[in-house]
Amino acid sequence: MKRGEIESPWQREQALLVELVRLHAEAAPTPPSALLTVLEQAATPLVLTDPNQPDHPITFANRAFQELTGYSAAELLGRNCRMLQAPETDPAARGRIRGALAAGQEVAVELVNRRRDGSRFRNALLITPVRDRHGRLLSHLGTPRALAVDTPVTAGPAPPAGEALWRSVFAWLQEALLLGEALRDPAGQVVEARCLDVNPAWCAMTGLPAGTARGAPLRQLFPGADAARIGQVARLLDGDAGVVPPWQVDRPGRCYEGRLQRLEGDRFVILFTEVTAAREAERRRAALAELDAGLGEGGAPAEMARIGATILGRTLRADRAGYGTITAEGASFTLGEDWTAPGLASLAGDYPMCIFGDYGPVLLQGEAVVVEDVGADPRTASIAAMLQGAGIHALINLPVMEGGRLVAVLFVNQAAPRAWTAEEVAFAGELAQRLRQAVERRRAEAELRTLAASLEQQVAERAQALAEARAFSRLALAAVRGIGVWSFDVASGRFTADAAIADLYGFDPAELAAGIGREQVLAQVHPEDRERLQAVMQSGLHHQGDQELEYRILHRNGRVRWMLSRGHTHFAADGRPVRRLGVGVETTRQRELEEQLRQSQKMEAVGQLTGGVAHDFNNLLTGIIGSLELLTRRLAQGQYAEIPRYAEAARGAAQRAAALTHRLLAFSRRQTLDPRPTDANRLVAGMEEMIRRSVGPSIALVLVAEPALWTVLVDPPQLENALLNLCINARDAMPSGGRLEIATLNRRLDAAEAAAGGLPPGDYVTLCVSDSGSGMTPEVIARAFEPFFTTKPQGQGTGLGLSMIYGFVRQSGGTVRIASTPGEGSCICLDLPRHAGPALPPPPSGEATMPQGGGERVLVVDDEPSVRLMVAEVLEELGYAALEAADGPAGLRILQSAAPLDLLVTDVGLPGGMNGRQLAEAAQRLRPGLRILFITGFAESAVLSHGDLGPGMQLLTKPFSLEALAQRLRGLIAAD
């Protein structure tokens, strides 16, 4: 509203009500029940509708609105406000309401309404949209005024003035609130703003008593409130403010943000919200961005470590930070240049590992050490005097592991005791990981450059030697990297080579110089590469030109070595192949360095996107923690009605977190699969109805099934999940509808087709999902399986769908193929290896039951107390007797005792030097026939795979439902 325009008390009060509704909707951190009470008891009739649901249903109507209309809250909720409109209402007024609601705008209209008893009244209605701080539409607020009635209506109390309404909620609000007044000069210009009142939360924020604040100018209360701020107050009160920038208030260790709200006359309020956590999170994000930029500029590893330490110390407002490396034998710690606050000495130098005192073994095991007071913490008590003498009273030490070995330590020191927050420790850990990846990538690049220079020198030397021999001159020039020479005589089948090739294979040089048989050479080739090498050799005996192949050799000392070989065949005048000559070079070290570089680049890419994943997890954890806190609070209050809703919300958020973890593990191929002989036709048919519901009626679904489809050995739920993901992606590619086809077929791959997909030749079952949608460009296809890559708008996809599918299929022994043309649709095919055997029948349908035990005794071994407690509680509830152990040795002692046992439930990854698989093997030796159930959180699949399970063993993946645990226990005990 511009200066000079008249703003009615009604509109000013509406603005205050909108702010109260917004605060209630955001529920941060004001208790929702407090503001709801204010709205419920307000003398002004008000009603809220939900614009985000079909037909804008009523979600709230206060007592004054119920008295005006004659309807109870139960009769109003869920219905549209048009139920109150009489037939004689002007259609133009109805049209104005519809248009304003659609556009999210405020509208004032006059209607004819009818009460529950049928009586009419003229209603002056003001409808205002309520938006959150980010501009998202939350609800519509309607405040009716009865202008006239056809039957007498008792006039209610006058609506409260704006200032009175705000004063009524001062005590309710836990956010700091200041009520102010502007002072004007005789010309009407605002010259000063002063405080009229403050609430207790404001006093707690500033440390000033209310008596000191009342009547004080804002310049005195906020030294930073310069003339520009007073000008903002003036523009707000004169109606020219637009969007008023928030007031920033910084206290020691705290940050607040204030929002101005106009009241009646020259009154206003400022509502302050603490934004300390958000500011600190933004500082940490900016620091990580600065780190990435600094590390990307190049430089030696020591310079990169200095950059990381400087950013870490400055961001955490610490007194010292540094990055030191551990020698290969683990005997000493070397600290280069560290970052220190002014007046604090550097600690750069070489130290023995005893410098870490009693917590050195903890670092060696890869665990972070966080100490708030070195004198009070038992881990540092023995070296407290030494640490304090160096200006260290609090510390964070973060180990950097590589290949299971401690290779570096990132540390932060404080010259006084300090309580480190979890966010600070997590930030330091993230910075340590990024710094280590960058340093290792730089070192790998340097090693690759050194290796390349060495190879070039070797190539030059070898090329000169080979140039002296006419038979090998052309090959030497074509394969400039060659360092060994070999020859194969076609007629005799004898293979000869020099000492360099003999060393690669592990043959005796004299033996190889005299010649050995072809089969002897092939026997030393890796089984997975043997068929490719034979194919190249056979092709070379029939075609002119050079052939090149890189393959693995099983050296006689047991080590796998890589060799790049290039050969050429000499033919007789009649076209018969006579001799095949070639050169070869070992590429093992180059392969290892390239793999290290690829892994480093991959981890860097994942690290850069960890913030987005962490954001998703934080949202889910907020739902879990908040629901549990509310559940606990309601239990303490004796209010049990909403407990199921909070419990269901926590469980739903936990299940979504588990699903996100599952997708990440599927992408990394670290999930534990439960493969079973599966009929893919039956699986697709069972999902048909679900897929139809998911894609909607505008898409025609067609199933094309191979009549005699082969069986595949695959994890059925994972295949179902992959198929559903592909169908949803196809649906999103056809926003206007189209055709979706799911086809199965048997496919036999020859050597060339298999090699193109990185598969061995053989029989495969193919599952294809085709759509008539927008298609993909070659650039998108090339990146389709990358983690976190998505073409969907931000917030509408994690970018893990196709990478998860690719990881699952590759882990199952197959591959994924994409064929697509922009504008003509896409076809994605999963090739899975054929299984020799019939498919298992599908599991029985129906509700899961909780089978009861019969007093059997079960030993539960898990290092996580919460998991141990949960499993033991379920066992006791189901009628079993439970024994508990926290690690492998403790479980072994129980197994060695005379205690009767019917079943062992054990985690796979256990501390104490004995993992779950080793404990199970010991259990079966001590107690033959003992049933064993492994429970695992995916990541231990390198220790235990389902294909290695012996008789009487089964696997259950975390997280699992109680019904699944009960079914698996009963099945194991009953399987005699």
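Tutor: Nine bridges join strand β22 (residues 560–571) to strand β23 (residues 577–586), and the two run antiparallel; strands here are DSSP runs of E with at least two residues, helices are runs of H or I with at least four residues, both numbered from the N terminus, and two strands pair if DSSP finds at least two bridges between them. This is a predicted model, in which local features need pLDDT of at least 70 and side-chain atom pairs count only at pLDDT 80 or more, while totals for chains, interfaces and linings use all residues. Residues are numbered from 1 along each chain as its sequence is written, and side-chain values use heavy atoms, with hydrogens and water left out.

Within the pair, H570 has R579 of β23 as its bridge partner. Both strands belong to an open sheet of six, ordered β20-β19-β18-β23-β22-β21, with antiparallel pairing. At its edges are β20 (516–517) and β21 (546–554), each of which pairs on one side only. Helix α20 (residues 527–540) lies across β21, β22 and β23 and runs at about 155° to β21, where the angle, on a scale from 0 to 180 degrees, is taken between N-to-C directions of axes fitted to C-alpha atoms, for helices over the stretch in contact (heavy atoms within 4.5 Å).

As for the rest of the protein, there are 32 helices and 35 strands. Among contacts between residues at least 6 apart in sequence, 59% join residues at least 24 apart.
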